[in-house]
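Please read the following briefing alongside the sequence and the model.

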Amino acid sequence: MTLVVPRSTLSARDAQALARAVGRLENETLARRLAEVAGRSVDGALQTLPRPLKASVDTAVEKAILRCLDIAVKSMKPGAARAPRPRIATLLAGLSGSVGGALGIAGLPIELPLTTILMLRAIADIARHHGEDLSILDARLACVEVFALGAGSQKRRVDVGYYASRAMLARASSDAVNIFVERGITGAALPVVSQFVAEIAERFGLVVSERIAVSALPLGGAIGGAAINAVFMDYFQELAQGHFVVRRLERIYGANVIEQHYLCLAGNIARTRK
């Protein structure tokens, strides 16, 4: 399929910003970064995980997403559009990971929700910096949706692409917004919202499983856990940077124009991999 270069012209600055965003959203996977820390393939590490652990991971992931959803609906405040502080967020995630590394797999139910909440706060800072109005529920849910973007290019799931992923999440989140406006977080148990949570949890669970698999390797307990969590936090902050740059440019140039430019740039990345 030949992509048509869009006619609408972005400013040089915005074109560069979009190119960086596409690189963040389409390029290096978490699995590759974790492999660099672990010194071995993440796929190999996944094969060593006991099957009963999957149920524990699924439960911990769903609770983490529900907790983040609760925060997003109730307490994320617009605040000032200050510059994000990725190093501080990474440091806090590393500390959380060191606790989880010391406790091992048994600490997952405690450590994962804490790390995910830290990530949500960092994502919210990035969203504000790029002009998102967090007094609007849709913008707050967009922060939670970042957790679903990390699985878009993983081998164990069909690569549907960034915009296709957003389209699938948009259908579920638009219905969820209506429920939350009417009922608040108490509406989270309704099927429409459960579908939204399940879609995010399923995708986020893929990358969490990769992180857990590497955590189970003999990497030095607390030190290994801190290093892995730092990689985890950095990865999702980069996804958030890309995601909210795209959303900012869509507000300026229109969604269709930015999508066309995005697909051209993503196509170039895909061709360089062949």
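Glu132, Asp138, Arg247 and Arg251 are linked in a network of salt bridges, a salt bridge being a side-chain nitrogen of Lys or Arg within 4 Å of a carboxyl oxygen of Asp or Glu. The model is a predicted one, in which local features need pLDDT of at least 70 and side-chain atom pairs count only at pLDDT 80 or more, while totals for chains, interfaces and linings use all residues. Residues are numbered from 1 along each chain as its sequence is written, and side-chain values use heavy atoms, with hydrogens and water left out.

**Salt bridges**

- A search of the whole structure finds 9 salt bridges.
- Arg247 pairs with Glu132, the closest N and O atoms being 2.8 Å apart; because Arg247 lies in helix α10 and Glu132 in the loop between α6 and α7, this pair ties together parts that are 115 residues apart in sequence. Helices here are DSSP runs (H or I, at least four residues), as strands are (E, at least two), and they are numbered from the N terminus.
- Both Arg247 and Glu132 are buried, where buried means under 20% relative accessible area, exposed over 50%, and partly exposed in between (1.4 Å probe, protein chains only).
- Arg247 also meets Asp138 in a salt bridge of 3.7 Å, N to O, and this pair links distant parts of the chain, with Asp138 in helix α7 and Arg247 in helix α10, 109 residues apart.
- Asp138 is partly exposed, with a relative accessible area of 39%, whereas Arg247 counts as buried at 14% relative accessibility.
- Within helix α9, the side chains of Arg203 and Glu199 meet in a salt bridge (2.7 Å, N to O); Arg203 and Glu199 are 4 residues apart in that helix, so they are separated by about one helical turn.
- Arg203 counts as buried, its relative accessibility being 1%.

**A buried arginine without a salt bridge**

- Arg140 is placed in helix α7, which spans residues 137-149.
- Although buried, Arg140 has no salt bridge, and the nearest side chain of opposite charge, Asp133, is 7.7 Å away; in this assignment Lys and Arg count as positive and Asp and Glu as negative, while His and the chain ends are not counted.
- Apart from neighbours within four places in sequence, Arg140 is in contact with Ala72, Val73, Lys74, Met76, Leu134 and Ser135, contact meaning heavy atoms within 4.5 Å.

**Fold and surface**

- The secondary structure of the chain comes to 11 helices and 0 strands.
- Of the 274 residues in the chain, 50% are buried.
- Among contacts between residues at least 6 apart in sequence, 85% join residues at least 24 apart.
- The accessible surface of the chain comes to about 13,300 Å², and 57% of it belongs to carbon and sulfur atoms; the areas come from the Shrake-Rupley method with a 1.4 Å probe, and for residues only the protein chains shown count as cover.

**Nonpolar core**

- The largest nonpolar core has 74 residues, and those with the most contacts inside it are Phe147, Phe204 and Phe236; such a core is a set of buried Ala, Val, Leu, Ile, Met, Phe, Trp, Tyr and Cys residues joined through side-chain atoms within 4.5 Å.
- The elements giving two or more residues to this core include α1 (12-26), α4 (52-74), α6 (108-129) and α8 (162-183), and the largest share, 11 residues, comes from α10.
- Leaving aside neighbours within four places in sequence, Phe204 is in contact with Val61, Ile65, Thr116, Met119, Phe147, Phe232 and Phe236.

**Positions in helix α4**

- Asp58 is found in helix α4 and counts as partly exposed at 35% relative accessibility; the C-alpha atoms of Asp58 and Phe204, 146 residues apart along the chain, are separated by 9.6 Å.
- Ala64 also lies in helix α4 but counts as buried, at 0% relative accessibility.
- Leaving aside neighbours within four places in sequence, Ala64 is in contact with Leu112, Pro113 and Thr116, and the C-alpha atoms of Ala64 and Thr115, 51 residues apart along the chain, are separated by 8.8 Å.

**Cysteines**

- The count of disulfides comes to 0, a disulfide being a pair of cysteine sulfur atoms within 2.5 Å.
- Cys143 is buried, with a relative accessible area of 0%, and Cys264 counts as buried at 14% relative accessibility.
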